[in-house]
Amino acid sequence: MYGGPFNLSNMRTKHRKHNITAIYPLSRSITGRNNWHHFLKSNNVSLKPQSLPGKLNTYLKKLRLPQFLPELAKLEWSIYKTSTLNIKTTYSSGGKFQLNPTLGISHLNWKLSPFLGKKKANFRPKKGQEWILIWKDPWSKKINIKPASASQLLAIKLVTDKISPQDVAKSTNSDIQQIEAALSATQRAGLLIGPRPRIRRNPLIFNQQQKISDKYIFADTFTLQWHITGACDLHCKHCYDRSRRSPLTLKQGIGVLENLKNFCRKYNVHGHICFTGGNPFLYPHFLKLYAEAKERGFSTSILGNPTNETHLKKIIDIQMPGYFQVSLEGLEKHNNIIRGQKHFQKVIKFLKVLRKLHISSAVMLTLTEDNIDQVIPLSEKLKNRADYFTFNRLSQVGEGAKLNLPDTKKYAAFLKKYVTRSKQNTIMGFKDNLINIVLNKKKMPCFDGCTGYGCGAAFNFLTVLPDGETHACRKFPSPVGNVLKQNISEIYESRLARRHRKGSSGCNKCVIRHICGGCLAISYSHGQNIFKDIDPYCFIEP
Amino acid sequence: MDKKIIKKTLAGLGIATLVASMTLTTSGCGNEKPKGSCGAGSCGKSTDEGTSSCGKGSCGK
């Protein structure tokens with residue numbers, strides 16, 4: 001997000017008054033106060049602010065101004081123009097990509113992007129071609145100003161020139177999946193408006209008195225959390241599954257990727273794969289499978305155990321993962337009791353490696369009665385080590401059944417404290433849907449919930465085990481099919497999957513239903529009816 | 001910006017050149033973090049910040 005010197009919110013008003021300085025803050029700063037007034041006075045450009053970049057050109061020598069100034073002014077004008085435009089649509093009609101109506105493109109002969117956002121005008125750009133994109137995000141309506149990548153320019157060009165990905169692939173002898181991935185990524189960046197996804201919430205599950213934004217009804221991305229192997233180098237006390245399953249062959253794995261690709265095409269969503277295990281690096285065909293996922297245009301992330309730099313570099317060579325998540329169960333002593341000797345220090349060292357390789361790092365903690373008091377101290381310890389930290393309540397299934405959760409009152413008090421402390425520690429993230437109860441009560445902006453849509457079980461998320469068994473959520477037994485035997489779309493439309501994504505009817509009238517829905521796994525492990533009863537830890541006041 | 005102006009601005013860019021540069025530069029998703037990308041988490045502190053855009057967090061390892 002652009003955070004420069006332009007006061008975009010005031011621009012429209014100021015422009016009406018012809019406050020040209022508000023439109024051209026950097027140009028004004030570089031020109032200098034006296035020169036600026038002299039220039040405006042002699043040109044009368046305040047009446048036609050768009051003519052300023054052209055007129056500046058003729059004054060460069062006279063006022064001894066830098067050569068790049070007219071281009072900077074041109075860019076500032078484009079930024080201003082975009083700030084005055086509105087975007088109302090989030091999806092296109094007619095099933096095709098359209099340009100974001102606020103999009104502006106500046107083709108510059110000076111490399112100005114490194115200086116965008118700088119408040120002082122002490123910059124010396126180099127000569128060189130650069131394309132800058134300026135647009136308002138369709139969802140947040142905030143303005144973005146960024147240099148364009150080749151794939152973004154290609155996607156925009158395909159839309160403006162009405163060229164199909166098939167034609168491009170044919171004429172350039174390239175892979176159509178790569179072209180489609182460029183279009184999809186450009187849409188997700190908000191530069192293109194794409195067709196409405198077919199992954200959609202049933203609006204009847206929401207409080208009928210509320211107007212729920214499309215943001216929570218339609219999902220653009222579908223995630224497969226894929227446990228490609230059961231093999232693991234740890235033996236955690238709370239592991240929810242140590243059952244032996246038939247190993248996944250490479251051929252089967254590629255079949256799953258094709259299956260997911262077909263599903264994403266049919267439902268018009270972007271596919272994301274979260275590779276996990278066990279330890280995914282112990283799967284013999286991991287790199288090949290990862291490369292095949294990249295070839296099909298899926299974005300990727302990894303949930304695993306610390307691994308070596310060589311493995312990570314091989315991964316990066318294929319595709320930079322969105323993030324690498326590791327787990328810690330508390331401070332060193334407690335963590336090592338659960339996860340094994342020296343594990344804590346291994347993770348700390350590994351976080352350094354992730355940082356060195358510019359891989360976004362995340363640390364996850366499974367919250368129990370025994371470690372609840374260590375969550376905040378751990379987040380402090382990780383403050384300058386990890387990019388992100390979060391926790392989730394223990395699901396008392398599998399070996400986790402031997403451990404306990406804190407009582408409801410203690411947990412509610414903890415969430416309040418966690419929210420307060422998170423204001424000072426930016427790595428502290430929110431995952432448990434129940435945090436929204438605290439935020440809602442404090443009248444703070446809520447977050448989007450566990451999967452971006454409250455509970456995403458069988459909605460924008462499915463989890464697959466090595467033998468293809470597919471679950472709505474990995475935290476509790478919620479089988480909905482098998483991807484080695486069925487199409488994902490068939491699984492997705494099954495009665496069981498529908499029931500899971502509908503969640504608990506007990507939440508239907510709740511004002512934060514669209515960003516909460518509790519946790520089905522916790523309800524399950526407390527012996528409740530997950531389709532009727534609310535999360536046993538819910539503390540929302542009626 | 002008008003679609004025609006964008007079309008004109010991009011007129012000099014060859015499709016083949018763009019595809020070739022894309023192949024060279026898109027070795028990854030560039031830490032791209034779409035909403036609910038892992039479908040299993042959110043970085044989010046507020047919806048204004050584009051919550052869950054990082055898609056981090058898992059349904060629990």
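Here are some notes on this predicted model, point by point.

1. Confidence first. The model comes with an ipTM of 0.70 and a pTM of 0.82. Chain B has a mean pLDDT of 55, and 34% of its residues get to 70 or more. Residues 25-61 of chain B stay under 50 in pLDDT, and for that stretch the model has 158 contacts beyond four places in sequence.

2. Chain A has an open sheet of three strands, ordered E2-E3-E4, and the pairing is antiparallel. E2 (104-110) and E4 (143-147) of chain A are the edge strands; each has a single partner strand, so one side of each is left without a neighbour in the sheet. On average, neighbouring strands here are turned by 20° against each other, ignoring direction.

3. A closer look at one strand pair. E2(A) pairs with E3 of chain A, residues 127-136, through six bridges in the antiparallel sense.

4. Next, a helix pair: H8 (residues 150-160) and H10 (residues 176-188), both of chain A. Their axes come within 9 Å and cross at roughly 95°, which makes H8(A) roughly perpendicular to H10(A). On the H8(A) side the contact is made by A:Ser151, A:Gln152, A:Leu154, A:Ala155, A:Ile156 and A:Leu158, and on the H10(A) side by A:Ala182, A:Leu183, A:Ala185 and A:Thr186. By type, the residues in the contact of H8(A) with H10(A) split into seven nonpolar, three polar and no charged.

5. The other helix pair is H12 (residues 250-267) with H13 (residues 286-295), again in chain A. The axes come within 10 Å and cross at roughly 20°, so H12(A) and H13(A) are roughly parallel to each other. Their crossing is right-handed.

6. How do H12(A) and H13(A) meet, residue by residue? H12(A) brings A:Leu250, A:Gly253, A:Ile254 and A:Leu257, while H13(A) brings A:Lys288, A:Leu289, A:Glu292 and A:Ala293. The residues in this contact of H12(A) with H13(A) divide into five nonpolar, one polar and two charged.

How values were computed: Residues are numbered from 1 along each chain as its sequence is written. Chains are lettered from A and ligands numbered from 1 in the order in which they are written. This is a predicted model: local features need pLDDT of at least 70, side-chain atom pairs count only at pLDDT 80 or more; totals for chains, interfaces and linings use all residues. Two strands pair if DSSP finds at least two bridges between them. Helices (H or I, at least four residues) and strands (E, at least two) are DSSP runs, numbered from the N terminus. Axes are lines fitted to C-alpha atoms, for helices over the stretch in contact, and angles run from 0 to 180 degrees between N-to-C directions. Angles under 35 degrees count as roughly parallel, over 145 as roughly antiparallel, 65 to 115 as roughly perpendicular and the rest as oblique. A crossing is left-handed if the near helix is turned anticlockwise from the far one by less than a right angle, and right-handed if clockwise. Two residues are in contact if their C-beta atoms, placed from the backbone, lie within 7 Å. Ala, Val, Leu, Ile, Met, Phe, Trp, Tyr, Cys and Pro count as nonpolar, Asp, Glu, Lys and Arg as charged, and the others, Gly among them, as polar. pLDDT is the predictor's confidence in each residue, from 0 to 100.
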